[in-house]
Structures are given as structure tokens and as C-alpha cells.
Amino acid sequence: MTLAGRLYRGETNFDLIGNRKRWYLASAVLLLICVLSFSFRGFNFGIEFAGGNSYLVPEKAGVTVAAVRDAVASQGVEVATAQEVGTGANRRVQIRTAVLTANQAERVRDVIAKKTGVPVSEVSVTTVSSSWGSDVTKKALTGLVVFLVAVCVYIGFRFEPKMAIAAIAALLHDVVVAAGIYSLVGFEVTPSTVVGLLTILGFSLYDTVVVFDKVAENSKGLLGGARMTFSEAANLAVNQTFMRSINTSLIALLPVAGLLFVGAGLLGVGTLKDLALVLFVGLASGAYSSLFLATPILADLKERDPAYAALRQRVLAKRSGAQTTPSRRPARAAGPAGERKAAKATAGTAVLDRDSGTDGDDDAAGAARVQATPARRPAQRARPRPSSSGARKKGGRPSGSKRKR
């Protein structure tokens, strides 16, 4: 029998909700590291957000990332990023700098062409103003806020407000973790990063809604009885969806890992790493938060409700009573059973005495009557055989009878 089947039927149980303080501590440590990275390292915003100049140089013989970087740095210009982009005949070396004046941009282009031996006409320059990057940043933040509000409203109407609070907490956790990894690694924050971030938030929300749907199913009518607490129902839901969440997350992570480690790492396709990193981190964080963070937060919020707190007391009281009951059951069960047996025996003796016409005091006489009864009853029931004079003649009526005319 598979582990997924045992988890679904409750035969195997991971106490994820009961150990929620461990997950809270792990998440708190991870979030603290991310916040410290925000404060001390900051972000490496791409040209689309910070503005600047971008140079693309065809990769020919003698043209390397290091050579182009040195050519730009010789002019006293700080290089923000230097990487290879494209594949095959379209392979290019891309250098990004801060915003330069028109004269500085032309001078840097001439130096790159001279030191790499590439014609000036083949060195392309793109300038992006910081105001355009600011507009992109504002629109990205607006889209993120609208997305979170829409998620909160949907879950609040689909399930309940407390589930919406737990889902938003898990989504914010995923956002901070993904941003923190970007800050630690130093990858550029580009529009592709924003697209990937919204994508992984949708994946995390999808996984959380699946778990919450199972929680709602398990907790339906829970307050009307005393069979389990809300935390136990939520833990059962997490176990029932555990293997499904792990399988879907692994299937989603495999192609993203190929995109990140093979495409950006081995093949050197730098334009893929911005999108691949946020997807990889976000998918892993989303799977973790939906199982180990969103549902435990929901359980904590529900257990503070007076109705569910009273349910917990009833369940614990019922279980404590069930544990002490087996020691008293034999005594209580023996009493009524013995009384019923004694009553049946007394009733049987009274009937026997009534039939024999005695009061049942003499046990030996009663026993003799019991043994004699089966012998007398067949004699009483047997009919006497007719005499030969009264027997019917062969073929008809008894002799001596007259036929009435």
C-alpha cells in the first residue's frame, strides 16, 4: 500500500499542525536573513528599473566578457552587469552601466570597438531613463497590491475571512523569501523577475486553496460533535494533500531547474536566469508555505474562536473519560448480567413449583418432579385405542350403528 493512500485514510499521520512552532521558527529565521539582506546588500535593479545604458557587442574572436568590461572600466564608468546573451550566431556580450550623458555614451562605444576590434556600427547602445524605470516600479507594485487584494476577497467569499488571512500571510512569506534570495545572490531585478514573482504567487495560492478546500471538507459539522478538534481536522487535510503537493511541486520544479542550472548555468544564457531563479525559489517556497505555514496559521486562528475552544475541551474530556472507563466496565457489566440470570432462574423455579402444586422448598422433591414430568406428559397426550367392538368394520362404520334414513 502506498504512502499517499495511508496518509489519505489517516493510517499514517505526520503531525504537521502539532509541530507548527518549529515551522514558525524556521520561517522566522529565514525572513530575518532576508530582511537583513535588504538592509545591508539591497537589490541589483536592472536597467529597466534604475535606468542606464546597455551595450551589445557581437561575440567574435577575441571578444569576451572580460575584454568588454575592461574597455568600459578604462573610461571610469562603473559596470553594473556583464554577461553573455543569445545563442549561436546571435550571441552577444551585454554590458550595462549607470546613466551616461550622450558624449560619455559615444566615447565608451568607441573605446569598446577599438579594443575588441569590432566595427563601431556593430556596437549597439540603448539608453533607458530613470523616470521610465520608476514608472515600471510603481506599476509592478500596484499590480502586486491589486493581486493580493483580489486574492483576499476571493478566499474570504469562497471559504471564510480567517482562511484569507492565513493565505495572505503565506503569500507575503513567499514574496519576502523570493526577494531575499535575489538580494543575497545579487541577480538583476528585471521585468522578467516581476512576471516570475506573480507567477509563483499564483502557484502558491493554488496549492493553498487546494489544502483549504480539504480543511473545509474535514471540518464540516465539526462543532456538532466531539470526535476531533479543528487542529486535528486540519492536520488530516494536510496529510491527505501532502503527497499531491509534493508531486506537483517536484514536477513544476524540474523544468525550472533545467532552465536555471542548464540554460543559465551551463549554456550561459544570461537572459533566462532572472526568470528562472524567481520561479525556482518561488515554487519551492510556495509548496512549503501552503503545507507548513498557511494551514498552521489557520488552525491557530480557529482555535482562538470560543466555539472551537469549547470543542477542544469536549474532545479532551471525552477522551480522558474513555481512558478511565475500561477499568470500571467489568464491574458494571457483571452486575446487571448477574441480576438478569438470577431473575431468570427464580422465574423458572416459580413456574416449575406452580405446575407441581408445591412452594419449591423441597429441592429433592422438585428434582424428582422434574425427572418424572417428561414420562407423564406423553401418557397424558396419548389417546386410548378403540376396542374391537367399537372398531370400524372394514370399509365403513362401526358395528351396531344404524343408518339414518
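In which helix is valine 29 found? Valine 29 is found in helix 2, where helices (H or I, at least four residues) and strands (E, at least two) are DSSP runs numbered from the N terminus. The structure is a predicted model, in which local features need pLDDT of at least 70 and side-chain atom pairs count only at pLDDT 80 or more, while totals for chains, interfaces and linings use all residues. Residues are numbered from 1 along each chain as its sequence is written, and side-chain values use heavy atoms, with hydrogens and water left out.

The secondary structure of the protein chain comprises 13 helices and 6 strands. Of its 405 residues, 36% count as buried, where buried means under 20% relative accessible area, exposed means over 50%, and partly exposed lies in between (1.4 Å probe, protein chains only). The chain exposes about 23,200 Å², of which carbon and sulfur atoms supply 61%; accessible areas come from the Shrake-Rupley method with a 1.4 Å probe, and for residues only the protein chains shown count as cover. Among contacts (heavy atoms within 4.5 Å) between residues at least 6 apart in sequence, 76% join residues at least 24 apart.

An open sheet of 4 strands has the order 3-4-2-5, and its pairing is antiparallel. Strand 3 (79-85) and strand 5 (124-128) stand at the edges, each with a single partner strand, so one side of each is left without a neighbour in the sheet. From one strand to the next, the twist averages 15 degrees. In general, strands of a sheet pair through backbone hydrogen bonds, either parallel or antiparallel; here, two strands are taken to pair if DSSP finds at least two bridges between them. Strand 3 is joined by 6 bridges to strand 4 (residues 92-97), and the two run antiparallel; within this pairing, isoleucine 95 in strand 4 is the bridge partner of alanine 82. Helix 5 (residues 102-116) packs on the sheet, touching strand 2 (52-58) and strand 5, and its direction makes about 20 degrees with that of strand 2, the axes being lines fitted to C-alpha atoms, for helices over the stretch in contact, with angles running from 0 to 180 degrees between N-to-C directions. Strand 2 is also joined to strand 4 by 6 bridges in an antiparallel arrangement, and asparagine 53 stands opposite threonine 97 in strand 4. Strand 4 is mostly covered, with 5 of its 6 residues buried.

On the surface, Leu25, Val29, Ile33, Leu184 and Val185 form a nonpolar patch with about 420 Å² of accessible area together. Patches are made of residues with over 30% relative accessible area and no salt bridge, like charges being joined within 9 Å and nonpolar side chains (Val, Leu, Ile, Met, Phe, Trp, Tyr) within 5 Å. Helix 2 (20-40) and helix 7 (161-185) each supply at least two residues of the patch, and helix 2 gives the most, with 3 residues. Valine 29 has a relative accessibility of 44% and therefore counts as partly exposed.

A search of the whole structure finds 8 salt bridges, each defined as a side-chain nitrogen of Lys or Arg within 4 Å of a carboxyl oxygen of Asp or Glu. In one of them, the side chains of lysine 302 and glutamate 160 meet at 3.0 Å, N to O. Lysine 302 lies in helix 10 (residues 270-303) and glutamate 160 in the loop between helix 6 (130-158) and helix 7, so the pair ties together parts that are 142 residues apart in sequence. Lysine 302 is buried, with a relative accessible area of 6%, whereas glutamate 160, at 21%, counts as partly exposed.

A salt bridge also forms between lysine 162 and aspartate 305, whose closest N and O atoms are 3.6 Å apart. This pair links distant parts of the chain, with lysine 162 in helix 7 and aspartate 305 in the loop between helix 10 and helix 11 (306-324), 143 residues apart. Lysine 162 counts as partly exposed at 25% relative accessibility, and aspartate 305 is likewise partly exposed at 23%. The side chains of arginine 319 and glutamate 232 meet in a further salt bridge (2.7 Å, N to O), which links helix 11, holding arginine 319, to helix 9 (residues 230-266), holding glutamate 232, across 87 residues. Arginine 319 is partly exposed, with a relative accessible area of 33%, and glutamate 232 is partly exposed at 31%.
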